[in-house]
Amino acid sequence: MENKIDLILLKLNDLDSKTDVTNNNVALLSSTIEELKNENTCLRQQVHLLEDRIDYLENQSRRNNVIFYNVEEHEKETWETTESNVRQIIHKEYGMQIHDTEVERAHRLGPNNNTTRPIIVKFNHFKVKDIIIKQAYKLKNTPFSVSHDFSKSVLQKRSLLKPYLIKSKELGHRAHLQYEKLAINGRKFTIEDLHSKGVTSPNDLGKLFTKVSSSSNINEIITRSKSDSKRLEQ
């Protein structure tokens, strides 16, 4: 009987030892998993930073580009005639003389599928591109239009912000898209900024304007208070 009890106790001790080993292994695995999670988070952050950097460099390389739309396309058109057509449009509509030395390259975008393809033009100087974009209103009564040449990432962000832009203007606020941000009454917001302020749809913009208005009122009160204090001191 005692031998059986000793055998049972021995087995129990053996089980306890195995349990301890298992617990230690589980703890070690948990620690390893936690380390891998932290490493993965760090790698994700680095990848995100690299993606932002690549996107920034891509947009910098597009900085002098302008896209022209609705410029009639002719059969067997060469890049020389494409460039010449653009320079003629700029001369006629903007009243600017663009020499061939001002244009690095000009060509149609996309495959030829019997539609009028846009023309992308890279100017040698940013100032020329800036004038073309800022004075785009001169094309108002023509079939032509122009736009920036942004990266895919920036275009996606601008696309998300466009409904907010439209709604802001409907509400009577000064608003426009600036790069990948929405400028409203002088303040700039990314789509993430809007969401963090509880503005998850254009119909929520009232919340943002209330906050902006309250902030403006506070600043106005502070300014008036300082002004009153100065008058009293005088």
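**View 1. His-176 stands opposite Ala-183 of strand β6.** This is a predicted model: local features need pLDDT of at least 70, side-chain atom pairs count only at pLDDT 80 or more, and totals for chains, interfaces and linings use all residues. Residues are numbered from 1 along each chain as its sequence is written, and side-chain values use heavy atoms, without hydrogens or water. Strands (E, at least two residues) and helices (H or I, at least four) are DSSP runs, numbered from the N terminus. β6 covers residues 181–184 and pairs with β5 in the antiparallel sense, over four bridges. Two strands pair if DSSP finds at least two bridges between them.

**View 2. Three strands make an open, antiparallel sheet.** Their order is β5-β6-β7. The edge strands are β5 (175–178) and β7 (187–189), and each pairs on one side only. From one strand to the next, the twist averages 30 degrees. Helix α4 packs on this sheet and touches β5, β6 and β7. Contact means heavy atoms within 4.5 Å. The directions of α4 and β5 make about 165 degrees. Axes are lines fitted to C-alpha atoms, for helices over the stretch in contact, and angles run from 0 to 180 degrees between N-to-C directions.

**View 3. Ile-166 lies in helix α4, residues 152–170.** Ile-166 is partly exposed because its relative accessible area is 45%. Buried means under 20%, exposed over 50%, and partly exposed in between (1.4 Å probe, protein chains only). Pro-202 is 36 residues away along the chain, yet the C-alpha atoms of Ile-166 and Pro-202 are separated by 8.5 Å.
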